[in-house]
Amino acid sequence: TLFPYTTLFRSIISIIVVVVLAIVVLGFISWGTKIYNGMVTMQENVTSQWGNVQTAYQRRNDLIPNFVSTVKGAANFEQTTLTQVIEARAKATSVTIDPTKMTAENMQQFQQAQGQVSSALSRLMVVVEKYPELKATQNFRDLQVELEGTENRISVERRKFNEVALVYNTYIRRFPQNFLAGMFGFQTKPYFEAAAGAEKAP
């Protein structure tokens with residue numbers, strides 16, 4: 001007479017086990033989805049901020065030809081210094097980074113190329129000091145203000161990039177996010193490093 005009750009009890013236990021397992025699986029999926037979406041969002045923030053960095057650098061590259069043309073108009077101006085600026089700009093323009101494939105190596109190459117532009121512009125501004133008539137022109141002063149503003153903007157965007165990259169890197173390296181990060185190919189992003197004399201407004 002107990003057989004039906006035993007069968008019923010076993011059925012109930014089986015149902016409870018299935019329900020518990022389903023809850024655990026759904027909870028794991030929900031947890032994984034939340035972490036994955038969080039990593040995606042943070043990665044997109046890094047990509048977006050990298051776009052802002054590139055825009056700031058591109059703005060500087062766009063200003064350089066007008067700046068060089070203005071300076072070139074000064075009598076007996078040192079052509080070597082101008083050539084260095086033009087060459088540094090050309091090299092910097094050729095060095096680009098896919099934000100989805102950032103590495104410490106290509107970030108270093110990018111930073112070195114842009115740093116050479118900053119150094120060349122700084123040397124140019126030192127030479128300009130010898131030409132007070134050039135510094136007195138309105139066109140030169142306007143371009144100088146724009147260039148200084150752009151250099152400051154570059155510094156701001158670089159700092160913001162490091163901030164969002166730090167948030168992203170810290171998140172994907174923490175336990176247990178690091179397991180999902182490894183499974184789905186989320187990799188840490190390199191940072192801009194401070195370079196002596198680089199990225200300062202000329």
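I began with helices H5 and H6 (residues 177–184), which pack at an angle of about 100°, with axes 6 Å apart. I took the axes as lines fitted to C-alpha atoms, for helices over the stretch in contact, with angles from 0 to 180 degrees between N-to-C directions. H5 and H6 are therefore roughly perpendicular to each other (65 to 115 degrees; under 35 counts as roughly parallel, over 145 as roughly antiparallel and the rest as oblique). Helices here are DSSP runs (H or I, at least four residues), numbered from the N terminus.

I noted that the model is predicted: local features need pLDDT of at least 70 and side-chain atom pairs count only at pLDDT 80 or more, whereas totals for chains, interfaces and linings use all residues. Residues are numbered from 1 along each chain as its sequence is written, and side-chain values use heavy atoms, with hydrogens and water left out.

I then listed the contact (heavy atoms within 4.5 Å): Tyr171, Ile172 and Arg173 of H5 meet Gln177, Asn178 and Ala181 of H6. This contact has three nonpolar, two polar and one charged residues. In these classes Ala, Val, Leu, Ile, Met, Phe, Trp, Tyr, Cys and Pro are nonpolar, Asp, Glu, Lys and Arg are charged, and the others, Gly among them, are polar.

Next I looked up H3 against H5 (residues 138–173), and found an angle of about 155° with axes 13 Å apart. That makes H3 roughly antiparallel to H5. On the H3 side I recorded Met107, Gln111, Ser118, Leu121, Met125 and Val128, which meet Phe140, Gln144, Leu147, Glu151, Arg158 and Phe161 in H5. I counted these residues by class as seven nonpolar, three polar and two charged.

I turned to H2 (residues 79–94) and H3 (residues 104–128), which pack at about 160° with axes 8 Å apart. H2 is thus roughly antiparallel to H3. The H2 residues in this contact include Leu82, Val85 and Ala88, and those of H3 include Val117, Leu121 and Leu124. By class, I found 10 nonpolar, four polar and three charged residues there.

Last, I checked the largest pocket and noted a volume of about 180 Å³. Ten residues line this pocket, and Ala104, Met107, Gln108, Gln111 and Glu193 are the closest to its centre. A pocket is an open set of points on a 1 Å grid over the protein atoms alone, where a 1.4 Å probe fits, with protein on both sides within 12 Å along at least five of seven lines; lining residues have an atom within 4 Å of a point. The volume is the space filled by probe spheres set on the points.

Terms used: Helices (H or I, at least four residues) and strands (E, at least two) are DSSP runs, numbered from the N terminus.
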